[in-house]
Amino acid sequence: MATAIPHRIACIRHPFGGRQVSLAQNKIGNRNVCFAKASSELHLDLKVETLLDSVKWDDKGLAVAIAQNVDTGAILMQGFVNRDALAKTISSRKATFFSRSRSSLWTKGETSMNFINVHDIFLDCDRDSIIYLGKPDGPTCHTGAETCYYTSVFDHLRDPPIREQQQALTSLYSLESTISERKAEMEAAQNQKPSWTKKLLADPVLLCSKIREEANELAQTLLENEDKSRTASEMADLLYHAMVLLIIKAVKMEEVFEVLRKRFSQSGIEEKNSRRPSSHS
């Protein structure tokens with residue numbers, strides 16, 4: 001009878017992507033035999049190396065890296081990366097930078113636990129600037145602010161200057177912020193100047209009737225073949241009224257966009273079927 005050769009299997013982590021390489025050690029011959037689980041993993045390693053070679057690192061081996069919220073588009077922070085920092089980000093999917101003051105890698109969130117979970121990475125046309133497109137676990141700025149960008153230059157240059165901090169927001173999120181401010185004014189009994197937004201916030205029945213009305217008017221622009229500007233106008237009306245409802249329900253637009261993003265890989269029919277209540281016999 002043939003004697004089985006005793007062996008043990010261990011796993012080691014590959015520096016790119018956490019892929020595992022199996023290590024079989026033959027006790028009789030005391031020889032280590034390493035083999036890749038799949039040749040595609042080695043091919044991917046070569047592709048990562050090629051990509052890292054293509055980046056135009058400066059004379060210190062660095063490039064600018066900007067972290068951007070995948071759902072809101074907000075610019076979260078800017079840092080610097082070297083070859084190892086970018087490689088670690090590719091493998092860990094956590095935004096990693098190079099600290100010029102400490103001369104070492106650091107992963108955003110390693111102390112605060114507010115990691116930036118990277119969904120994709122983009123290089124600019126000159127390959128000397130990088131975007132980490134990701135989802136933050138919490139505030140990005142060390143001050144506790146959502147992003148590191150909250151000082152408006154134009155507000156500062158006004159006479160007199162406006163000292164109030166404000167996030168760098170796109171039009172959509174500026175509208176969301178304004179609606180939230182009107183709600184806060186109502187709850188604090190401050191600034192009782194009447195406004196349409198406050199009227200909607202105070203009257204859910206009126207708000208719901210306006211949402212139905214605006215949705216119907218938007219649909220009519222298609223049925224009656226109205227021009228593009230009319231469609232854009234009606235969509236703006238519907239979006240505004242819907243956002244008032246979201247504020248009442250304490251739902252952020254970021255949450256809506258996150259839901260949409262997660263549906264990208266799922267067909268609309270499958271998604272709708274998954275929401276149907278199960279039938280009970």
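Is D53 buried or exposed? D53 is exposed, because its relative accessible area is 54%, where exposed means over 50%, buried means under 20% and partly exposed lies in between, as judged with a 1.4 Å probe and protein chains only. The model is predicted, so local features need pLDDT of at least 70 and side-chain atom pairs count only at pLDDT 80 or more, while totals for chains, interfaces and linings use all residues. Residues are numbered from 1 along each chain as its sequence is written, and side-chain values use heavy atoms, with hydrogens and water left out.

**Salt bridges between helices and strands**

- Side chains of opposite charge can pair when their charged atoms come close.
- The structure holds 15 salt bridges, each being a side-chain nitrogen of Lys or Arg within 4 Å of a carboxyl oxygen of Asp or Glu.
- One of these salt bridges joins the side chains of R83 and D53, with a distance of 2.8 Å from N to O.
- Because R83 belongs to helix α2 (residues 83–92) and D53 to helix α1 (residues 39–54), this pair ties together parts that are 30 residues apart in sequence; helices here are DSSP runs of H or I with at least four residues, strands are runs of E with at least two, and both are numbered from the N terminus.
- R83 counts as partly exposed, at 28% relative accessibility.
- Another salt bridge links E258 with K135, whose closest N and O atoms are 3.7 Å apart.
- Since E258 sits in helix α8 (residues 253–262) and K135 in strand β9 (residues 129–136), the pair ties together parts that are 123 residues apart in sequence.
- K135 is buried, with a relative accessible area of 13%, whereas E258 counts as partly exposed at 22%.

**A further pair and a network**

- The side chains of E226 and R230 also meet in a salt bridge, at 3.2 Å from N to O.
- Both partners count as partly exposed, E226 at 28% relative accessibility and R230 at 37%.
- Salt bridges that share partners join D71, K135, E254, E258, R261 and K262 into one network.

**A nonpolar surface patch**

- V153, F154 and L157 make a nonpolar surface patch of about 370 Å², the area coming from the Shrake-Rupley method with a 1.4 Å probe, in which, for residues, only the protein chains shown count as cover.
- Patches are made of residues with over 30% relative accessible area and no salt bridge, with like charges joined within 9 Å and nonpolar side chains (Val, Leu, Ile, Met, Phe, Trp, Tyr) within 5 Å.
- L157 lies in helix α3 (residues 153–157) and counts as exposed, at 60% relative accessibility.
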